[in-house]
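Let's take a friendly walk through this chain, beginning with a contact between a charge and a ring. Have the structure open as you read.

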Amino acid sequence: MQQFTAPFADVTGLAANTTYDFYVRIDCGMGDFSLWAGPYTATTSQSCPNISGITFSNVNQTSVDVAWTAGGAETEWSIEYLPSRICCGNRYYSFINV
């Protein structure tokens, strides 16, 4: 628990894309405290935005072009793919960086 001297707290070191519950109480001094108020819930921002608008074109027997709308200012992506209807493990799993 951290102590603050103003009705404001800059809570740092939180994990991205995580929901937290916050509770606040007043320290009246001499060991006297108010009841805890809360929970007040806040969710931190996602550190890596989602992509959208995935499209497939130029599909032929051995290849396909995959395009998408970037989620932010990122410059690298990974694509994971495997044949449909493969069960029980990732035997045919492929991974490429683009």
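## A charge over a ring

In this predicted model, Arg-25 places its charged end over the ring of Phe-33. The distance from that charged end to the ring centre is 3.9 Å.

## Aromatic pairs

How many aromatic pairs does the structure hold? There are two. One of them joins Tyr-20 and Phe-22, whose ring centres are 6.4 Å apart. Their planes meet at 45°, so this pair is classed as tilted; the reason is that the tilted class takes whatever falls between stacked, under 30 degrees, and edge-to-face, over 60. Tyr-20 has a relative accessibility of 22%, and Phe-22 has 27%. Each counts as partly exposed, because buried would require a value under 20% and exposed a value over 50%.

Trp-68 and Trp-77 make up a pair with ring centres 5.8 Å apart. Here the planes stand at 65°, so the pair is edge-to-face. Are these two tryptophans buried, partly exposed or exposed? Trp-68 is partly exposed at 23% relative accessibility, and Trp-77 is partly exposed as well, at 25%.

Which residues make the nonpolar surface patch? The patch brings together Ile-51, Ile-54, Phe-56, Val-59, Val-64 and Val-66, and covers about 520 Å².

Val-66 is a handy member to look up in your viewer. This valine lies in strand β6, which spans residues 65-69. Its relative accessible area is 32%, so Val-66 counts as partly exposed.

## The chain as a whole

Stepping back, what secondary structure does the chain have? It has eight strands and zero helices. Read from the N terminus, the order of elements is β-β-β-β-β-β-β-β.

The chain has 98 residues, and 1% of them count as buried. Its accessible surface comes to about 8,600 Å², and carbon and sulfur atoms contribute 54% of that area.

What share of the contacts with a separation of 6 or more links residues 24 or more positions apart? In this chain, that share is 19%.

Methods:
Residues are numbered from 1 along each chain as its sequence is written. This is a predicted model: local features need pLDDT of at least 70, side-chain atom pairs count only at pLDDT 80 or more; totals for chains, interfaces and linings use all residues. Side-chain values use heavy atoms; hydrogens and water are left out. Helices (H or I, at least four residues) and strands (E, at least two) are DSSP runs, numbered from the N terminus. Buried means under 20% relative accessible area, exposed over 50%, partly exposed in between (1.4 Å probe, protein chains only). Contact means heavy atoms within 4.5 Å. Accessible areas come from the Shrake-Rupley method with a 1.4 Å probe; for residues, only the protein chains shown count as cover. Patches are made of residues with over 30% relative accessible area and no salt bridge: like charges are joined within 9 Å, nonpolar side chains (Val, Leu, Ile, Met, Phe, Trp, Tyr) within 5 Å. A salt bridge is a side-chain nitrogen of Lys or Arg within 4 Å of a carboxyl oxygen of Asp or Glu. Rings of Phe, Tyr and Trp (its six-membered ring) pair if their centres lie within 6.5 Å; planes under 30 degrees apart count as stacked, over 60 as edge-to-face and the rest as tilted. A charge sits over a ring if NZ of Lys or CZ of Arg is within 6 Å of the ring centre and within 35 degrees of the ring normal.
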